[in-house]
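I opened a new entry for this chain and listed what to look up. The notes follow in the order I took them.

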Amino acid sequence: YHAQPSQGTEQEKMDYALNNKRRVIRLVLQWAALYGDLLQEDEAAMAFLEEFYVSVSDDTRMIAALKEQLPELEKIVKQISEEPKASQKKHKVLLQLFNTSDDRAQKRQPIRGSDEVLFKVYCIDQTYTTIRVPVSSSVKEVISAVADKLGSGEGLIIVKMSSGG
């Protein structure tokens with residue numbers, strides 16, 4: 001963030017420093033935008049963001065050109081440091097309740113092929129059903145379990161969804 005060239009005129013050194021600072025600020029903004037939810041849970045990341053914001057604020061007193069990025073940085077830092085919304089809190093609590101009922105999860109034992117997992121199976125009409133199958137189940141066995149639960153295996157397909165779509 002504070003890298004400066006050893007050669008060149010004072011103006012070239014200032015331009016170099018300004019461009020580096022802008023690039024780092026842009027990088028931190030992108031990082032915080034992408035991983036904001038995860039950063040809320042990481043005290044070191046939160047401390048870094050707050051310290052970084054203070055450093056950039058101090059630099060804007062000497063380098064006026066950085067002022068244009070300060071409001072966006074301030075918005076990101078405030079947004080991440082806010083308490084999670086009530087719906088997010090509920091979601092986390094539900095996950096914890098689900099996990100605490102499973103002794104294996106608490107003891108951190110390895111997953112075995114005979115262990116069972118829950119699958120939510122979503123239907124086109126916006127409903128879903130839940131099935132419990134062994135971890136080692138094949139795709140055919142999962143489809144068969146869903147067909148048994150729904151009463152029909154006609155037109156069933158398996159689709160894997162990820163956060164990337």
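This is a predicted model: local features need pLDDT of at least 70, side-chain atom pairs count only at pLDDT 80 or more; totals for chains, interfaces and linings use all residues.

**Salt bridges in the helices**

I looked up Lys 78 with that cut-off in hand. Lys 78 forms a salt bridge with Glu 74, and their closest N and O atoms are 3.3 Å apart. The two sit four residues apart in helix H3, so about one helical turn separates them. I checked how open each partner is. Lys 78 has 48% relative accessibility and counts as partly exposed. Glu 74 is also partly exposed, at 28%.

I then went to helix H2. There the side chains of Arg 61 and Asp 58 meet in a salt bridge, with an N to O distance of 2.7 Å. Arg 61 and Asp 58 are three residues apart in the helix, which again means a separation of about one helical turn. Arg 61 is exposed, with 67% relative accessibility, whereas Asp 58 is partly exposed at 35%. For the structure as a whole I recorded six salt bridges.

**Overall layout**

I wrote down the order of elements next. The protein chain has six helices and two strands. Read from the N terminus, they run α-α-α-α-α-β-β-α. Of the 165 residues in the chain, 21% are buried. Among contacts with a separation of 6 or more, 35% are between residues 24 or more positions apart.

Which residues have the most contacts inside the largest nonpolar core? I found Ile 25, Leu 39, Leu 49, Phe 52, Val 56, Leu 73 and Ile 80, in a core of 18 residues. The elements that each give two or more residues to this core are helix H1 (10-40), helix H2 (43-62) and helix H3 (70-81). H1 gives the most, with six residues. My side note on this is that in soluble globular proteins, nonpolar side chains tend to be buried together.

Leu 49 touches Val 28, Trp 31, Leu 39, Val 77 and Ile 80, leaving aside residues up to four places away in sequence. Val 56 lies in helix H2. Is Val 56 buried or exposed? It is buried, because its relative accessible area is 0% and the cut-off for buried is under 20%. I also took the C-alpha to C-alpha distance from Val 56 to Lys 67, which is 8.7 Å for a pair 11 residues apart in sequence.

**The hairpin**

I moved on to the two strands. Strand S1 (residues 116-122) and S2 run antiparallel and are joined by seven bridges. Leu 118 has Arg 132 as its bridge partner in S2. Five residues lie between the strands of this hairpin, and there Gln 126 takes a positive phi near 70 degrees.

Arg 132 came up again among the charged pairs. Its side chain meets that of Glu 116 in a salt bridge, at 4.0 Å from N to O. This pair links distant parts of the chain, with Glu 116 in strand S1 and Arg 132 in strand S2, 16 residues apart. Glu 116 is partly exposed, at 46% relative accessibility.

Which way do the side chains of S2 point? They alternate along the strand. Thr 129, Ile 131 and Val 133 point to one face and are buried.

Ile 111, Val 117, Phe 119 and Val 135 make a nonpolar surface patch of about 340 Å². Val 135 is in the loop between strand S2 (128-134) and helix H6 (139-150). With a relative accessible area of 37%, Val 135 is partly exposed.

Technical notes:
Residues are numbered from 1 along each chain as its sequence is written. Side-chain values use heavy atoms; hydrogens and water are left out. Buried means under 20% relative accessible area, exposed over 50%, partly exposed in between (1.4 Å probe, protein chains only). Contact means heavy atoms within 4.5 Å. Patches are made of residues with over 30% relative accessible area and no salt bridge: like charges are joined within 9 Å, nonpolar side chains (Val, Leu, Ile, Met, Phe, Trp, Tyr) within 5 Å. Accessible areas come from the Shrake-Rupley method with a 1.4 Å probe; for residues, only the protein chains shown count as cover. Two strands pair if DSSP finds at least two bridges between them. A nonpolar core is a set of buried Ala, Val, Leu, Ile, Met, Phe, Trp, Tyr and Cys residues joined through side-chain atoms within 4.5 Å.
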